[in-house]
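This report examines a protein model through its pocket, its surface, its charged pairs and selected residue separations. The sequence and the structure are shown first.

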Amino acid sequence: MNELIEECRKLNQMIMDSKEYKNYVFARNTINSNEDLSNQINEFLNRYNDVMRYTDGNPYDELLRLYNENDELIHNSSVNEFLRAKSSFSKLVKRLIDEISDGLDIE
């Protein structure tokens, strides 16, 4: 068990050393340095999550409306960089979880 925990700590450090994580942290800090921009992106992401969670069927029309309402925000270079970095880091984490859980019988 201790060996497994130690390997997890090594993996954690490798993740923190990855370009995906570093880019995400940099972009997140850039957004957080501007309180107004931070509030706007948080509101946008909350609304986006609500649309994805609570829309029955295809959320395309709701997402299109949300993106149109926030066009200026989304095209802000700092916001765009943040969204791309967040997506890239999320994809990395998903791939890691998929690899770690591959072949495990969880039932």
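## The largest pocket

The largest pocket has a volume of about 280 Å³. A pocket is here an open set of points on a 1 Å grid over the protein atoms alone, where a 1.4 Å probe fits, with protein on both sides within 12 Å along at least five of seven lines; lining residues have an atom within 4 Å of a point. Grid points are joined across faces, edges and corners, and the volume is the space filled by probe spheres set on the points. Rolling a probe the size of a water molecule over the atoms shows where empty space is left.

The lining consists of Phe-44, Leu-45, Asn-46, Tyr-48, Asn-49, Tyr-67, Leu-83, Lys-86, Ser-87, Ser-90 and Lys-91. At least two of the lining residues come from each of the helices α3 (35-54) and α6 (77-101). Helices are DSSP runs (H or I, at least four residues), numbered from the N terminus.

## Basis of the model

The model is predicted: local features need pLDDT of at least 70 and side-chain atom pairs count only at pLDDT 80 or more, whereas totals for chains, interfaces and linings use all residues. Residues are numbered from 1 along each chain as its sequence is written, and side-chain values use heavy atoms, with hydrogens and water left out.

## A nonpolar surface patch

Met-1, Leu-4 and Ile-5 make a nonpolar surface patch of about 350 Å². Such a patch is made of residues with over 30% relative accessible area and no salt bridge, nonpolar side chains (Val, Leu, Ile, Met, Phe, Trp, Tyr) being joined within 5 Å. Accessible areas come from the Shrake-Rupley method with a 1.4 Å probe, and for residues only the protein chains shown count as cover.

Leu-4 counts as exposed because its relative accessibility is 55%. The classes are buried (under 20% relative accessible area), exposed (over 50%) and partly exposed in between.

## Salt bridges

Side chains of opposite charge can pair when their charged atoms come close. A salt bridge is taken as a side-chain nitrogen of Lys or Arg within 4 Å of a carboxyl oxygen of Asp or Glu; by this rule the count comes to seven. One of them joins Glu-20 to Lys-19, with the closest N and O atoms 3.9 Å apart. Within this pair, Glu-20 is buried, at a relative accessible area of 15%, while Lys-19 is exposed, at 58%.

Arg-53 forms a salt bridge with Asp-50, again with 3.9 Å between the closest N and O atoms. Both residues belong to helix α3 and are three residues apart, about one turn of the helix. Arg-53 is exposed, with a relative accessible area of 53%, and Asp-50 is partly exposed, at 37%. In the salt bridge of Glu-62 and Arg-65, the closest N and O atoms are 2.6 Å apart. These two residues are separated by about one helical turn because they stand three residues apart in helix α4 (residues 60-69). Glu-62 is partly exposed at 31%, as is Arg-65 at 38%. Salt bridges also link Arg-47, Glu-62, Arg-65 and Glu-69 in a network.

## Separation in sequence and in space

In helix α6 lies Ser-78, a partly exposed residue with a relative accessible area of 23%. Ser-78 and Ile-31 are 47 residues apart in sequence and 6.7 Å apart in space, C-alpha to C-alpha. Helix α6 also holds Phe-82, which is buried at 6% relative accessibility. From Phe-82 to Arg-95 the separation is 13 residues in sequence and 20 Å in space, C-alpha to C-alpha.

Helix α3 contains Ser-38, buried at 9% relative accessibility. Ser-38 and Val-79 are 41 residues apart in sequence, with 9.0 Å between their C-alpha atoms. Met-52 is likewise found in helix α3 and is partly exposed, with a relative accessible area of 42%. Met-52 and Leu-63 are 11 residues apart in sequence and 8.3 Å apart in space, C-alpha to C-alpha.

Methods:
Patch = residues over 30% accessible without salt bridge, like charges linked within 9 Å, V, L, I, M, F, W, Y side chains within 5 Å. Buried < 20%, exposed > 50% of the residue type's maximum accessible area, 1.4 Å probe, protein only.
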